[in-house]
Amino acid sequence: MLYRTMDARRRSPLVRRYVITIVLFSFLNTASAVTHYSIPEEMEEGSVVANLATDLGLDVRTLSKRKIRLDTLSNKKYLDINKETGELFILERIDREYICTSKSATTCILKLDATIDNPVRMFNIELEILDINDNAPHFRRDTMHLDISESTATSERFSLNNAIDPDIGVNSIKTYYLSDSDHFSIEIQTGRDGSKFTDLILKKALDREEQAVHNLILTAVDGGVPARSGTASIIVRVLDTNDNSPQFEKESYTINLTENSPIGSLVVKLNATDADEGSNSDVIYAYSLYTSEKTQDTFSLNPENGEIRVKEMINYEDFRIYDMEIVATDKGVNSLSGKCKVRILITDMNDNHPEISIKSFTSPVKEDIAVGTVIAVVSVSDKDSGENGQIDIDISDELPFTLKESSDNYYELMVSEPLDREKVPEYDITFTVTDRGKPPLSDNETMTLELLDINDNVPQFPQSFYTIQVVENNAPGALLSSLTAHDPDLHENQYLVYFIIEKEIANTSMSMLFSINPENGNLYALKTFDYEIEKEFLFHIEARDSGVPPLSSNVTVHIIIMDQNDNTPLIVSPWRAHGSVVEEKIPRSTDKGTLIAKVIAIDTDSVHNSRITYQFLQNTDATLFSLDQYNGEIRTMRMFSYRDSRHQRLVVIAKDNGEPSLSATVTIKLSTVETALKTYADLTEVPLEYDIFSDLNLYLVIGLGSVSFLLLITILVTIVLKCQKAKPSKAAPPCRNSVISERNSTIADSTLVSNDAYWYSLFLAETRKGKLVVRQPVPKGARYIVSSIPRSTGLTETSDSAASTLQASTTTSSSSS
């Protein structure tokens, strides 16, 4: 055997330690040479095993030409030859356990063939793979389960799965170790092949109730350096035996149970436990022979769960204590049992509800029933005794009633407050009775008290005063308003009838002017109203119910007649006969601004509709005359010239302010005249003499007018004094004088024309001919009397004007002109 030294740069310590080269020489003609090498497994790739060229005696320089090659008999190529150096090196890691699977073989040989050409030669190479401790022991199963009865005797043996180690020799399994345990140990056995296995030995008796499962760890250790190990878990489950009897939580139980507990209600749930398991721990319950039949008939026992429940109704007065003995038995083969005693004490309970009985009850009653009147008598009772039989009775505090105890357990219901059916028509009175038990029991009874209506409410209108506006010229029978009152009473006390309270105005009854529907209060107008005659009405309407005695209330109604523009203005100045033209003569010497004429029109409508404005409808010369649109004064805008026409024609229109507007016209013809003058001047001074004469004429007019005015005042005062002294008669009512200040009008006189009308003369204007007045008949006159009072006399010439629709109310006729 020859030891070959590897290249120091490439050999590992293991290679240097284990590689041994054995070269056997023989004669070339008789046998072939075998080269033997030994290497450890798991060498690194590239590690040099030996210099094969040197060991075989080959020239390194010819290896490449001679195509040296290495063949392996295995499927893998683990080694190869370096053709330049001739070294045999590791091409792939070698696992001895993979190549040599059989553990019976003590050596592991890998055979190789090296071949060269020129000439062809073949060399046999044996590579021995030496084992190293590269595998740890391991168990085929990581966990081993053992079921051992707790009754198993000590020293009993249980075989365990042995561990395996692919390594051989000293690297294989050497020994086993068991984790600390009070109950178990192991014993190591060696097989014929040298393998080692163990037995588990019970060294102390098991108790499942103490410890049901034992967890052990078995460790296998090999003999390598360093040593390797592997572990497996051993789970020992202790099997039960029936060695424990059932045990109750207590030896005796005392239960308090109230009487009249519902059938099926739970009294107690007994619980007996058995430390065993499975059927050995399953427990059934039963009455023992010492339990009376009465108890067994009153209470039921569930054999499976130990529940004791009420089987029959329990009455404290019949039976107060129940004693029983309960046996719990397991279901093991050799069954064991345990016992306990149960005492049930029955306690009295408030099991009777209080009762209420209505002995007498009066309903319905009148709403004006007197306070303190008894309307019902009730009695209460309870079959229990003691506090359970003591009863309290109540009604709602919000009810106008009170309860008063009249005798033992008898109560009277009385009226405590005045009743009002209109607020509450009926009362639901609930009597609540409660005993003083614990817990208290109660009951209630409800009765309904109806109230009868009495006529105690006056009809009420929504308003105390109604103002109704009615436009004049309304259609007769028109609905003016609906005046409805409300009465909260019932039936006939609620049925209302409406009346107009009679009142006369100017000898005319209200029922002649208005009508009201007695059932619904609709107010109607019976006639067409004229604002110029009647401007307002004030009367009362009464609503009366049908109760006995009837109640009523009234409301004030104020009817206001609204004016319409239904009267045409009437021109009263300058006065003219119907359809005639007013002719006036004026001097040609009239100055600028001189008042030529004043047009006065009156309208008997209301203030708004009676406002008059004046305009020229026709003017012969617009530069000569002007017209004031508010007072109707026609004045000269300049002096007359000789080129102006001697005759001027003016048409003036007077319009009111209504919608639509109404109007009247007057035509005035003016003629200019020359005035003869006595003067000592030359005829060329005629215009100056004319002017002097014109001024003198003006002074005369003013003087005569003043005298006439004083005379008129004197007449007026005389007439007033006579009217105050005169006595009224049935045919002729007292005279009334109207004072009118509008448009500078002044009262002229008062004259009785007939037995049923008075005439009021109104001074409107003063002309050169005299004072112009209008006389207005009231209340039945339909025409105006226009008078012209000459300046020189007190006599009055009267002529009728055109027909007019202007009428005035009795009380306001003088103020409306």
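What follows is a short chat about a predicted model.

Visitor: What should I know about the model before we start?
Guide: The model is predicted: local features need pLDDT of at least 70, side-chain atom pairs count only at pLDDT 80 or more, and totals for chains, interfaces and linings use all residues. Residues are numbered from 1 along each chain as its sequence is written, and side-chain values use heavy atoms, with hydrogens and water left out.

Visitor: OK. How many disulfides does the structure hold?
Guide: One. C100 and C108 form it, with sulfur atoms 1.8 Å apart; a disulfide here is a pair of cysteine sulfur atoms within 2.5 Å.

Visitor: Are C100 and C108 buried or exposed?
Guide: Both C100 and C108 are buried. Buried means under 20% relative accessible area, exposed over 50%, partly exposed in between, with a 1.4 Å probe and protein chains only.

Visitor: Why is the disulfide called right-handed?
Guide: The torsion about the S-S bond of C100 and C108 is about 85°, so the disulfide is right-handed.

Visitor: Different topic. Where is D453?
Guide: D453 sits in the loop between β34 (442–452) and β35 (465–471). Strands (E, at least two residues) and helices (H or I, at least four) are DSSP runs, numbered from the N terminus.

Visitor: Is D453 buried or exposed?
Guide: D453 is buried, at a relative accessible area of 17%.

Visitor: What does the side chain of D453 reach?
Guide: The backbone nitrogen of L490, at 2.9 Å. The side chains of D453 and R421 are also joined by a polar contact of 3.1 Å. A polar contact is a pair of N or O atoms within 3.5 Å; within protein, one must be able to donate a hydrogen and the other to accept it, and residues adjacent in sequence count only if both atoms are side-chain atoms.

Visitor: Which residues is D453 in contact with, leaving aside neighbours within four places in sequence?
Guide: E367, R421, E422, D489, L490 and N493. Contact means heavy atoms within 4.5 Å.

Visitor: And T295, where does that lie?
Guide: T295 lies in helix α4 (residues 293–298). T295 counts as buried, at 2% relative accessibility. Apart from neighbours within four places in sequence, T295 is in contact with Y322, D323 and M324.

Visitor: Last one, the sheet. What is the order of the four strands?
Guide: The open sheet runs β45-β52-β51-β48, with mixed pairing. Two strands pair if DSSP finds at least two bridges between them.

Visitor: How many bridges join β48 to β51?
Guide: Six, and the two strands run antiparallel. For Y614, the bridge partner in β51 is A654.
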